[in-house]
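Have a look at the model first.

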Amino acid sequence: MNTAGITDIHGCDVSLYTCVLGGYLAGKNVSVAVRPEHAEFGWMTEYLTPGIDTTITVILCTRYMQYIGRQEPYFTRMEQAYRNSFNDLHRENKEKLQPLLDEIKIAGFFPMDAMEFIAHVPQDAVVLSFPPTYAGGYEKLYKNMDAVLEWDAPAYEVFTKESFEVFMRNIVERDTWVLARDNRVEELEPYLVAQFQTGMRSRPVYMYASKSEKTYLTMPRQKLEPVHQKRLTGDIEGPM
């Protein structure tokens, strides 16, 4: 975005992951610590220095934390594997991601409710949003991370059907806007400009926008090759 000359970018969100990442891009580091009641994760403290170290740690935790608190052998093995290799993973991801993140700078990031944020956005600003699509989505997605890590989390209201309709109207009544959803929105069908799917099993995402000259469809493509083997039919003879 910066290389394209777009610099006056502002954002908001309420999850730990997005606020740490957005804060880093805006030059405002978020302080994160291990909760006292989870002293078994005290080893993570050395990776929570505000700035790039915390940012990389939280990025890793989006995957690592999904394995904690489970007793099944697969989850316990995966948790232990992450714990044993965390130092190497942190170093490797820091080396890879820091140069990329440092190329992206935004003018501001605000840990706050989107309903409150949108009320202060100028009418002529370009608004882009991909709000949660079901109640409690963030709460379920980041449940383990929020249980282990503490930070100055903002207060916010979980979207209801009614409040989301108000939020959506606040966006589409503006001059220029883009709204992404992972479900079709009947009243926005005239504004559908793109549909894309990031993986073979992921849900499709529908992109609505105030202006577009073309409509796009982007889907995953799985490369298949013929298997040059004779098809097995009937009874199979010989030792198995």
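Helix H2 has 13 residues and spans 18 Å from first to last C-alpha, close to the 18 Å expected at 1.5 Å a residue (the expected span being 1.5 Å times one less than the number of residues). Keep in mind that this is a predicted model, where local features need pLDDT of at least 70 and side-chain atom pairs count only at pLDDT 80 or more, while totals for chains, interfaces and linings use all residues. Numbering runs from 1 along each chain as its sequence is written, and side-chain values use heavy atoms, with hydrogens and water left out.

**H2 against H3**
- H2 (residues 52-64) packs on H3 (residues 73-101) at about 130°, with the axes 9 Å apart.
- That makes H2 oblique to H3 (angles under 35 degrees are roughly parallel, over 145 roughly antiparallel, 65 to 115 roughly perpendicular, and the rest oblique).
- On the H2 side, the contact (heavy atoms within 4.5 Å) includes Ile52, Ile56, Leu60 and Tyr64, and H3 brings in residues including Tyr82, Phe86 and Leu97.
- The contact residues split into 10 nonpolar, 5 polar and 5 charged.

**How covered is H2?**
- H2 is mostly covered, with 10 of its 13 residues buried (under 20% relative accessible area, with a 1.4 Å probe and protein chains only).
- Among those buried residues are Thr54, Val58 and Cys61.
- The cover over them includes helix H1 (16-25), H3 and helix H6 (143-148).

**Over at Val193**
- Val193 sits in strand S7 (residues 192-196).
- Val193 counts as buried because its relative accessibility is 12%.
- Tyr208 is 15 residues from Val193 in sequence, yet 5.6 Å away in space, C-alpha to C-alpha.

Conventions. Axes fitted to C-alpha atoms, helices over the stretch in contact; angles between N-to-C directions. Helix = DSSP H or I, 4+ residues; strand = E, 2+ residues; numbered from the N terminus. Nonpolar A, V, L, I, M, F, W, Y, C, P; charged D, E, K, R; others polar. Buried < 20%, exposed > 50% of the residue type's maximum accessible area, 1.4 Å probe, protein only.
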